[in-house]
Amino acid sequence: MLIKTYAAALQGISVTIITIEVSCTKGIQFFLVGLLDIAIKESHERIISALQVNGYKFPRNRILVNMAPADIRKEGAAYDLPLAVGIMAAAGEITADKLEHLMLMGELSLDGTIQPVKGILPIALKARDSGFKGIIVPVANGPEAAVVDGIEVYGATNIKEVLRFINGEDALQPLQINVAEEFRELKDFPFDFADVKGQENVKRALEVAAAGGHNLIMVGPPGSGKSMLAKRLPGILPPFTLQESLETTKIHSVAGKIGTETSLMKIRPFHSPHHIISTVAIVGGGSYPQPGEVSLAHNGVLFLDELPEFNRNVLEVMRQPLEDRKITISRARFTVEYPASFMLVASMNPCPCGYYNHPDRACVCSKAAVQKYMNKISGPLLDRIDLQVEIVPVPFEKISLRTRSEASIEIRKRVIGARNIQQARYKAYADIHCNAQMNSKLLHKYAVPDKKGLELLKHAMVRLNLSARAYDRILKVARTIADLESCNMIKPNHIAEAINYRNLDKENWGM
């Protein structure tokens, strides 16, 4: 008897439907074919134990299992459940009426418990788009899959429940998730700009960066508040849209970083890897590529503290995703593409001792040492950072003040207002949601300065020896500053403020 069950294979965040064909004839052999890894080949023993513990017998027949398409590599133990169900249906132990409209995913323990697996959200989306009526997943993955509307999601705890449900003996209840209610349950942010004394220019730069999705670097001595300010950035970022939340959750789902207590990511990710991170860990990769930090920070913030301490190769491989907002990982047999549209926020000391340009403490570094330290950050990478802000320590008089600064919630209102303007402006353009994502065509359409502004920009380009990429970045930042003021035109004061955020270009450092 020939039976088909359905599962799915992940390549990056892309999903391919896998058809599991099971033939059960006379004999006692077991064959499993279809470009499989070791975990799938070992599924035979897990399935036998899981069935026996739950009162079923593994069929004593010649069983041939083919996982098609055969040219796509399948890996992991997530195919245990569809394999077991297919074998039992082919042997006539259960009916096969429901299998045509069901997708199944789950790893089996020896006692038949169904363990959670990675990538359930993109798999559920693919199942719905492919016309399946339902999907059976581990109960721990249920909330994650249930956010997908248009398909019935069943959470199962063990294989006995699944076999009885398919046989019509018991009923599994479809899981229901109210996505709108999920989004309302936002937690308060632990860090607030109200607690920051002074640093008004840096807070303004962070507001501009958040409003336009721009990259930012803070340069200042130790203890000036660089990390403290960066940790408060998520509190002023606009809330997720449903589409952004789905995109980000899919990546974290594939990486196995979605907890069982949530279904959708509600807060933009903030990732801060240590400077000893490897090239593969930052951009993703491996024999079977997994998303790296640049993809896990998609639609959020990637914070690199003490930027010059990172390996130069690690920093240079970020140049392509910073420009293209995606990362492509190629292997001999396949190519995987992950989204990587993140805000890069970095911090660094101005010199090896940390006190170059300090108002009170003397720097002990030579000019050559300062230049060598700054040269750890390449010009092309620095060009891709829109706002370059110098930060100085807060004097004691301001630290001792008991008054609170402007709260994050007030700054966030202005940021959301500016983002709403940008959403309306770019609604006709796919994959462009904020000013930082503008291409050259849109830049010449929406970020054109007036004559005075153009003269000001020309003078700055010559004086600071800026590149053509820096020219584009200045215009994008100026467009964001204008949006914060709800101004349609880019005025000279907007250009001047945007230029002021380029005063840390390394060729002019300290002059």
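In this predicted model, the side chain of Arg425 reaches the side chain of Tyr426 through a polar contact of 3.5 Å. Arg425 belongs to helix α18, which covers residues 408-425. Is this arginine buried or exposed? With a relative accessible area of 16%, Arg425 counts as buried, because the cut-off for that label is anything under 20%. Leaving aside residues up to four places away in sequence, Arg425 touches Asn435, Tyr446, Arg479 and Asp483.

A search of the whole structure turns up five aromatic pairs, and two of them are described here. In one, the ring centres of Tyr154 and Phe165 lie 4.9 Å apart with the planes at 45°, so this pair is tilted. Tyr154 sits in strand β9 (residues 152-156) and Phe165 in helix α6 (residues 159-166), so the pair ties together parts that are 11 residues apart in sequence. Tyr154 and Phe165 are both buried.

The rings of Tyr426 and Tyr446 have centres 5.8 Å apart, and their planes meet at 85°, so the pair is edge-to-face. How do the two tyrosines compare in accessibility, buried or partly exposed? Tyr426 has 1% relative accessibility and is therefore buried, whereas Tyr446, at 21%, counts as partly exposed.

The peptide bond leading from Ala68 to Pro69 is cis, with omega near 0°. Pro69 lies in the loop between β4 (62-68) and α3 (80-90). Which residues have a positive phi although they are not glycines? Asn465 is one of them, with a phi of about 55°, and Ser486 also has a positive phi of about 55°. Asn465 is placed in the loop between α20 (451-464) and α21 (468-484). Ser486 occurs in the loop between α21 and α22 (492-500). Asn465 counts as exposed, with 58% relative accessibility, and Ser486 is likewise exposed at 57%.

Gln115 is part of strand β7 (residues 114-115) and is partly exposed, with a relative accessible area of 30%. The side chains of Gln115 and Ser109 are joined by a polar contact of 2.7 Å. Ser109 is also among the residues that Gln115 touches, along with Gly106, Glu107 and Pro138, when residues up to four places away in sequence are not counted. From C-alpha to C-alpha, Gln115 and Asn158 are 8.6 Å apart in space, with 43 residues of separation in sequence. Thr403, in the loop between α17 (396-399) and α18, gives another example: its C-alpha atom is 9.0 Å from that of Ala194, although the two are 209 residues apart along the chain. Thr403 is exposed, at 54% relative accessibility.

These individual residues can now be set against the whole chain. Its secondary structure comprises 22 helices and 18 strands, and the C-alpha trace spans about 85 × 45 × 45 Å along its principal axes. How many of the contacts with a separation of 6 or more come from residues 24 or more positions apart? Such residues account for 74% of them. Of the 511 residues, 53% count as buried. The chain exposes about 22,900 Å², and carbon and sulfur atoms supply 52% of that area. Among the side chains, 61 are positive and 54 negative, and the centres of these two sets lie 4 Å apart.

Conventions
Residues numbered from 1 in each chain as written. Predicted model: local features only at pLDDT ≥ 70, side-chain atom pairs only at ≥ 80, totals over all residues. Heavy atoms only, no water. Helix = DSSP H or I, 4+ residues; strand = E, 2+ residues; numbered from the N terminus. Buried < 20%, exposed > 50% of the residue type's maximum accessible area, 1.4 Å probe, protein only. Polar contact = N/O pair within 3.5 Å; in protein donor to acceptor, adjacent residues only side chain to side chain. Contact = heavy atoms within 4.5 Å. Areas by Shrake-Rupley, 256 points an atom, 1.4 Å probe, with all protein chains shown as cover. Lys, Arg positive; Asp, Glu negative; His and termini not counted. Charge placed at Lys NZ, Arg CZ, Asp CG, Glu CD. Phe/Tyr/Trp six-rings, centres within 6.5 Å; stacked < 30°, edge-to-face > 60°.
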